Amino acid sequence: DPLFNVERTDQLAVLDACFKDFDFAIDNLLDNYRAGYGRANALIANAVAAKASLIKAARTHAAEDYQAAADYAYEVIKTGKYNLYPDYGDNFVISKEHGIESILSINYGINDTWKSQFNVSLLPSEIRKNSPGGSEGPDNANSWIAPTKDLYMSFAEGDLRRDITIMKDFTYSDGSVYVFEGNAKYPYYYTKYWDRTAEPDGKNSDQNYPYMRYSEVLLIYAEARAELGEITNDDLEITVNALRERAGFDFAKYPNAKLTLTNIPADPRLDAIYAKYLDYSVTPIIREIRRERRVETMMEGMRYEDLMRWKAGRLFTVPVRGMKMTQEKIELYSKNRNDEVYKDYPYKVTVPIGEVGNKVIVDDDGFIIPYPTSTTVIKGVRPWDDKRYYYPIPLNEMLMNPLLTQNPGWKDINR
């Protein structure tokens, strides 16, 4: 079959075909559908085209592609049909779904079906276990994914988005506070998608997942204008500063929180990280826009792809740690698993720290090293390989079509 014997198409040719579709959609879709319900309109097409333009620009570094990203984004901005919620947390309140900031969402709970179990993987079971009466907090939670301390600290002090996104404790109805650090499996947990009022149990959620919010359109516009070297204070005012003001920063009280071309804060720590891990320089204004994108869209499925298009994969080589095996934790996990209280704990560990039974290995500071026996993890760090900037072509696809070539570094078929 000749359909199975074609050479691979260059990425730029694929993107050009996508833009033909975007432009056709912009010219032919109506613009009066309320966004967020999953039904496309012309402004959604503009917003997605702006996002795709940044992906293309990362490949070409061409001014025309950054300009296209800015132009598509501004088509959405100038209409005034979208805006920011006054409260960042309103984006994640079920009663306010499909609102003024929602451009495109993955919908759950339609006709009381297709419920989301997203919170089950994020929230900690310890809240309910330790609650008065054992009935408060998320039910059937597993906390498979947890934020690092570095992620928590990436928010500036006073940024209201931090406590909407990540929690470090929980307050029960009787006023008592359960602090995670030293008590739960991890010191921090994600809480962004938990509408505690509508769904106190957390599971079987009607909470939508945002594919794209208006705030991202603003950040795309700011990034594209900055990459062009044409960003102005007016641009910063309607983009980064609008997000920071919404996040609780009082510019009158804290003028340095306001980003202008003559007021770009120094950040020796982040600059040092970029200098160590990136093979190109990052201007202070780009650094601040990237920082804003990280905290504004955290847990919205963008960070990995952002690092890929920025060619910043080596940032993944920071150590990843599990919980700290303090003496208290060792004693806790060393209890007899037949004991009624401790029978559900998965590990029975022994001292001394270093190699703690059942292949639970810790680093020099006593933190668990994930995947300690893996050949691709060295002391809790997975070395970066540039091949990961591209996914491998599935071997089955290449067997069906030998004309396909594998991406560099990945396993190929015998040819």
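Reader: Taking helices (H or I, at least four residues) and strands (E, at least two) as DSSP runs numbered from the N terminus, which helix gives the largest share of the lining of the second largest pocket?
Author: Helix 2 does, with eight residues. Please bear in mind that this is a predicted model, in which local features need pLDDT of at least 70 and side-chain atom pairs pLDDT 80 or more, while totals for chains, interfaces and linings use all residues. Residues are numbered from 1 along each chain as its sequence is written, and side-chain values use heavy atoms, without hydrogens or water.

Reader: And what volume does the second largest pocket have?
Author: About 1000 Å³. On a 1 Å grid over the protein atoms alone, a pocket is an open set of points with protein on both sides within 12 Å along at least five of seven lines, a cavity is a set where a 1.4 Å probe fits but cannot get out, and lining residues have an atom within 4 Å of a point. Points join across faces, edges and corners, and volume is the space filled by probe spheres set on them.

Reader: Which residues are closest to the centre of that pocket?
Author: Among the 45 residues lining the second largest pocket, Ile55, Ala58, Glu305, Met308 and Arg309 are closest to its centre. Besides helix 2 (42–60), the elements that give two or more residues to this lining are helix 1 (11–28), strand 6, helix 8 (214–228), helix 12 (284–296) and helix 13 (303–309).

Reader: How does that lining divide by class?
Author: The pocket lining has 26 nonpolar, six polar and 13 charged residues, where Ala, Val, Leu, Ile, Met, Phe, Trp, Tyr, Cys and Pro count as nonpolar, Asp, Glu, Lys and Arg as charged, and the others, Gly among them, as polar.

Reader: Last topic: how many aromatic pairs turn up in the whole structure?
Author: The search finds 18, counting rings of Phe, Tyr and Trp (its six-membered ring) whose centres lie within 6.5 Å, with planes under 30 degrees apart called stacked, over 60 edge-to-face and the rest tilted. One of them joins phenylalanine 19 and tyrosine 72, whose ring centres are 6.2 Å apart with planes at 10°, so this pair is stacked.

Reader: Where do phenylalanine 19 and tyrosine 72 lie?
Author: Phenylalanine 19 is in helix 1 and tyrosine 72 in helix 3 (residues 63–77), so the pair ties together parts 53 residues apart in sequence.
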